[in-house]
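Hi everyone, thanks for coming. Let's take a look at the model together, starting with one pair of residues.

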Amino acid sequence: MSFAASVLTLYPEMFPGALGLSLAGRALEAGTWSLEAIPIRDFATDRHRTVDDTPAGGGAGMVMRADVLAKAIDHAAPPGDKRPRLLMSPRGKPLTQARVRELAAGPGAVILCGRFEGVDQRLIEARGLEEVSVGDFILSGGEPAALVLLDAVVRLLPGVMGNAVSGEEESFENGLLEHPHYTRPQEFEGRPIPDVLISGNHKKIAEWRRAEAEKLTRERRPDLLRAQPLVK
Ligand code: SAH
């Protein structure tokens with residue numbers, strides 16, 4: 001079973017974009033996942049192919065129309081389609097590695113990319129969209145956010161990452177940021193690789209890495225420690 005992504009967008013040319021290269025691109029070619037970029041404008045009904053209108057209540061900007069978006073979503077995900085329907089949105093729940101894992105274990109995702117001021121609230125409610133944010137900042141559109149989400153998901157699909165173990169030891173997987181990495185040369189601009197890493201003592205190395213990960217997390221992301229007790 002391969003992961004099927006359907007992305008609803010005003011800019012289908014943005015896909016697969018960066019996901020057509022490297023690991024994700026090879027997996028796309030191999031059929032490990034599929035990507036369909038659906039042009040929202042195809043579902044407009046008027047002569048000018050209008051997808052947005054002025055906000056009810058006034059104010060700046062434009063709002064994407066519920067009726068046009070509903071047609072596009074119903075085309076992408078007809079009744080019976082079990083894939084979660086996501087709306088990329090700065091108001092959404094921040095994306096986490098845990099949610100990424102869940103998505104990667106499922107059949108795929110239908111992803112709506114907003115533009116302008118966003119989408120009509122009634123569409124979100126009527127189609128049960130899950131709002132997902134990629135961080136506390138504003139993008140000009142949902143497309144880069146969708147690319148970020150799909151990149152995170154695709155690398156977890158079976159067979160995509162060469163070395164599967166590296167996925168499990170990464171930042172967030174155990175509630176901690178990852179320890180620092182080093183490689184040759186042995187000395188760089190007067191800075192040696194920490195002795196313990198060249199000691200060959202695997203137990204000591206594991207302890208050092210664990211301690212560094214905890215220190216880094218305490219310094220940079222104490223919220224992660226509060227969110228989840230340390231896995232021992
Ligand atoms: N007026 C909105 C921002 C609209 S930005 C507000 O203040 O909340 C236009 C579109 O970009 C959004 O509809 C959404 O699809 C996308 N977008 C912007 N920032 C995002 C973020 N941090 N995460 C996910 N999508 C985002």
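Predicted model: local features only at pLDDT ≥ 70, side-chain atom pairs only at ≥ 80, totals over all residues.

Residues are numbered from 1 along each chain as its sequence is written, and side-chain values use heavy atoms, with hydrogens and water left out.

Now the strands. Strands here are DSSP runs of E with at least two residues, helices are runs of H or I with at least four, and both are numbered from the N terminus. Two strands pair if DSSP finds at least two bridges between them. β1 (residues 3–9) runs parallel to β2 (residues 33–39), with 7 bridges. On β6 (residues 108–113), β1 has another parallel partner, over 5 bridges; there, leucine 8 is bridged to leucine 112.

Why is β1 largely enclosed by the rest of the structure? Because 6 of its 7 residues are buried, meaning under 20% relative accessible area with a 1.4 Å probe, counting protein chains only.

One of its oxygen atoms lies 2.6 Å from a polar backbone atom of methionine 88, and a nitrogen atom of the ligand is 3.1 Å from a polar backbone atom of valine 134. By itself the ligand exposes 560 Å², and the protein buries 84% of that; these areas come from the Shrake-Rupley method with a 1.4 Å probe.

Methods. Buried < 20%, exposed > 50% of the residue type's maximum accessible area, 1.4 Å probe, protein only. Polar contact = N/O pair within 3.5 Å; in protein donor to acceptor, adjacent residues only side chain to side chain.
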